[in-house]
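Colleague: I would like to go through this model feature by feature. Please give the general idea each time, then the case at hand.

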Amino acid sequence: MWDFMFFFNSALLGVGLAMDAFSVSVANGLHEPCMKRRKGTTIAGLFAFFQALMPLIGWFCIHNLLRYFQAFSKAVPYISLALLGFIGGKMIVDGLRREEEETCQKISFGTILLQGIATSIDALSVGFTIATYGWLQALVSALIIGGITFGICLAGVWIGKKFGAILSEKAIFFGGIILIFIGLEIFITNLL
């Protein structure tokens, strides 16, 4: 089972799961165009951590707590929508209230943590996809997902910072709208 397809499928899962986190990374870069490289790396690292952790939790639940996981999985779209809607709404309000002399608003660690959870909570369902793997294969697959997410999110922060510097005051507003749309996308996709 340690063949090319195992690594290829894990990489594809990583790319697919990282898309929401990439969009939020862009929104964070838009929100804070003066962000230091270390903070951008922290954002990418946290998102990668949660994208790797959630499939492992899903795998564990499938192997140990299946009936509880199935009941919780119905709440995933609602939780994601609520978290991203709240954070996005806050960014929109901040963008509308932003004072002219303020050059760069900072994103708090708590906000980044909530974003990481909100964008990765749907990755719990990947536990179903990797349910046939042994624990070591599930771990390796999760590490591949996390590594790919890290690279994609790092690029997202950089892209957001570049456009954030160009768009200046409107960037926070656009970042909030992006987060709300991501929340809606997760919600609608999981309901259908």
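Modeller: Start with one side chain. This is a predicted model, and in it Gln-137 has a relative accessible area of 9%. The cut-off for buried is under 20%, so Gln-137 counts as buried.

Colleague: Where is Gln-137 found, and which residues is Gln-137 in contact with, leaving aside its neighbours within four places in sequence?

Modeller: Gln-137 belongs to helix H7, which covers residues 135-167. With those sequence neighbours left aside, its contacts are Met-1, Trp-2 and Phe-6.

Colleague: How many helices and strands does the protein chain have?

Modeller: There are eight helices and zero strands. Read from the N terminus, the order of elements is α-α-α-α-α-α-α-α.

Colleague: How should I read a pair of packed helices?

Modeller: Two packed helices are described by the angle between their axes and by the distance between those axes. Take helix H2 (residues 37-64) and helix H5 (residues 109-120): their axes come within 9 Å and cross at roughly 35 degrees. The crossing of H2 and H5 is right-handed. By class, nine nonpolar, six polar and one charged residues make up the contact of H2 with H5.

Colleague: Which residues in H2 and H5 meet?

Modeller: On the H2 side they include Lys-39, Ile-43, Phe-47 and Phe-50, and on the H5 side they include Phe-109, Ile-112, Gly-116 and Ser-120.

Colleague: Take Gly-116 in helix H5. Is Gly-116 buried or exposed?

Modeller: Its relative accessibility is 0%, so Gly-116 counts as buried. Apart from neighbours within four places in sequence, Gly-116 is in contact with Phe-47 and Phe-50. The C-alpha atoms of Gly-116 and Ile-43 are separated by 8.2 Å, with the two residues 73 apart along the chain.

Colleague: What do the contacts of the protein chain look like by separation?

Modeller: Among contacts with a separation of 6 or more, 92% are between residues 24 or more positions apart.

Colleague: How many disulfides are there?

Modeller: The test is a pair of cysteine sulfur atoms within 2.5 Å, and the count comes to zero disulfides. As for burial, Cys-61 has a relative accessible area of 12% and is therefore buried. Cys-153, at 0% relative accessibility, also counts as buried.

Colleague: And what are the totals for the protein chain?

Modeller: Of the 192 residues in the protein chain, 44% are buried. The accessible surface comes to about 9,800 Å², and carbon and sulfur atoms hold 71% of that surface.

Definitions and conventions: Residues are numbered from 1 along each chain as its sequence is written. This is a predicted model: local features need pLDDT of at least 70, side-chain atom pairs count only at pLDDT 80 or more; totals for chains, interfaces and linings use all residues. Side-chain values use heavy atoms; hydrogens and water are left out. Buried means under 20% relative accessible area, exposed over 50%, partly exposed in between (1.4 Å probe, protein chains only). Axes are lines fitted to C-alpha atoms, for helices over the stretch in contact, and angles run from 0 to 180 degrees between N-to-C directions. Helices (H or I, at least four residues) and strands (E, at least two) are DSSP runs, numbered from the N terminus. A crossing is left-handed if the near helix is turned anticlockwise from the far one by less than a right angle, and right-handed if clockwise. Contact means heavy atoms within 4.5 Å. Ala, Val, Leu, Ile, Met, Phe, Trp, Tyr, Cys and Pro count as nonpolar, Asp, Glu, Lys and Arg as charged, and the others, Gly among them, as polar. Accessible areas come from the Shrake-Rupley method with a 1.4 Å probe; for residues, only the protein chains shown count as cover.
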